[in-house]
Amino acid sequence: MIRCDQLCGGYRGKAVFGPIDLTFEAGSVVALLGGNGSGKTTLLKTILGLRPPLSGVVYWQNKPLHALSLAERARLVAFVPQQHKVTFGLRVRDIVAMGSKAGLIKATSAEALARADAALAQLKQSHLAEKRITELSGGQQQLILIARALAQQTPVLVLDEPVNHLDWGHQQRLLDLIVQLAATERTIIFSTHHPDHAKRVAHRCVLMRAGQVLADGACVQKLTSDALNDLYQLDF
Amino acid sequence: MIKFGIFGILFASLAVLAGLGIAIGPFAMSPGQLVGVLMQGPFGAPSLLHTIVWEVRLPHVVGAVLIGAALAISGAAYQGLFINPLVSPEILGVLAGAGFGAALGLVLSDHFVTVQLLSFIFGLVAVGLAVLLAWRVGDEDGLIVLVLAGMITAALFTALLSFIKYTADPYDKLPAIIYWLMGSLGQITWAQLAWSAPVIGLASIGLVQQAERLNIMSQGDEEAQSLGVPVVQTRILIILLTTVLASVTVMLAGMIAWVGLIVPHLTRLLLGADNRLVLPASLLVGAIYLVAVDLLSRNFTSVEIPIGILTALIGLPIFAGLLLRLGASGWR
């Protein structure tokens, strides 16, 4: 379980969101929706401990986040970022194996590569294993990052706009995968610009505007036309 | 298996080139004579041949091996750390600082030890200042701030070096400073190699141990952190090890440019981008490159050309060739 108490976050001392109180129950799938610049990514990064909070506290399994080592965090939560910069042409299999080894310094290369292969197979991307990451398209690179997070085998998975760059087919496969993972009691938090995706796979959605939570509850109840018009400030 | 084979070929090439480096020179010797003198060991029967091999050429070649290896692994580690294939070991101002320290030493004293000590200290000071400045600015866009801070310290020590040159005695000290800055392996002694070899060896082992983390850090700071890597601590450790390596090379032989930039590219062409292979292999490729350039510098003309000039003259066309080739296929 992840809990935010009066959490406020931002950049260079300037608040982007908060104060926010949120709880992500174990085994739940939560979708984060909101317009560009509403604070979704900053909130996710603050929850992950990648950015220090301006105020408030994040708890992972009832422990303050700052009390957990980086290795402990890597064993609890895996992250798929919204943007990924590729410079050096590392082999895909080795990049996915970084997830297998996260927080487990003693994992052998053979074990890590086996977990990497399994994650690639789960996403039906085994054929890319020996390619260099620089040879792949944006969508394929996104799938490799998702495979890396799967190889991390954490109880919590955080995905920031995971369908970015993915074709329609891969979007559907990813949504199916989220449903499968949820069935194994994993907690999944993802941000999205697709309300239909949230309705299809999320138990709950959190709507954000201007750094504040506008609504929080079951997707069926909260993602109505009026609520979406209000969220994205559409005037018809 | 292919990669093990490449390592084997690199080892063999280095051994052959080192042998040529010892055998070839103004004083010609046959392979049999060379083996015979080497078998005698450092305390063999005194002779001209023994002195040339053991007191002149061998320290020269061993120095080239160590310095080439140190500069190359420093460049490879920095290119991984800064996630940028255009980075070389001097990005944080280490060579400018060490160059200033050496020039100051040459002006203040005639003792070579003073020159080397000041060179080493100011190499560390320059990088320390860059890191301190970047830390004071904050950790937002950490790598960019670090590069900018390095540019500031490099500019500062370059200006200070110019000031020292301007005020130095033009008949005695200034030529010494200029010659020293060109880079030369000619003054390396066994005593210097005895302490610098373990330092270079240990720092290189330290860097090789960070290779896997460097791979992960090449994914970006936030991703590396979410994969359990303590980014700031690892970065400081790599900067420290690299600074020690670069400073030691300046201490031993002055400014030798381009090795740290080009060799990692050549190594990635051979073995791909995985730092677990690139870092140890760049030690070998760097050693091969500098031994070969040293061989040329000593035998190209009747007077030994400062090696720093040749590493630039040979390095530039190699880098231009790499640009032409990699420009089409992408960086590795």
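This is a predicted model: local features need pLDDT of at least 70, side-chain atom pairs count only at pLDDT 80 or more; totals for chains, interfaces and linings use all residues.
## Basis

Local features require pLDDT of at least 70 and side-chain atom pairs pLDDT 80 or more, while totals for chains, interfaces and linings use all residues. Residues are numbered from 1 along each chain as its sequence is written, chains are lettered from A and ligands numbered from 1 in written order, and side-chain values use heavy atoms, without hydrogens and water.

## Interface of chain A and chain B

Chain A gives 30 residues to the contact and chain B gives 26 residues (heavy atoms within 4.5 Å). The two chains bury about 2400 Å² between them, 52% of it on carbon and sulfur atoms (accessible area, 1.4 Å probe, lost on being put together, summed over both parts).

Four salt bridges cross the interface (a side-chain nitrogen of Lys or Arg within 4 Å of a carboxyl oxygen of Asp or Glu). A:K45 forms a salt bridge with B:E222, with the closest N and O atoms 2.8 Å apart. On the side of chain A that touches chain B, α2 (70–76), β6 (77–80), α3 (92–101) and α5 (138–151) each supply at least two residues (DSSP runs: helices H or I, at least four residues; strands E, at least two; numbered from the N terminus). The largest share, five residues, comes from α3(A).

## Second largest pocket

The lining of the second largest pocket counts 27 residues. Nearest its centre lie A:R91, A:D94, B:K3, B:D274 and B:R276. Here too α3(A) gives the largest share of the lining, four residues.

Key: On a 1 Å grid over the protein atoms alone, a cavity is a set of points where a 1.4 Å probe fits but cannot get out, and a pocket is an open set with protein on both sides within 12 Å along at least five of seven lines; lining residues have an atom within 4 Å of a point.
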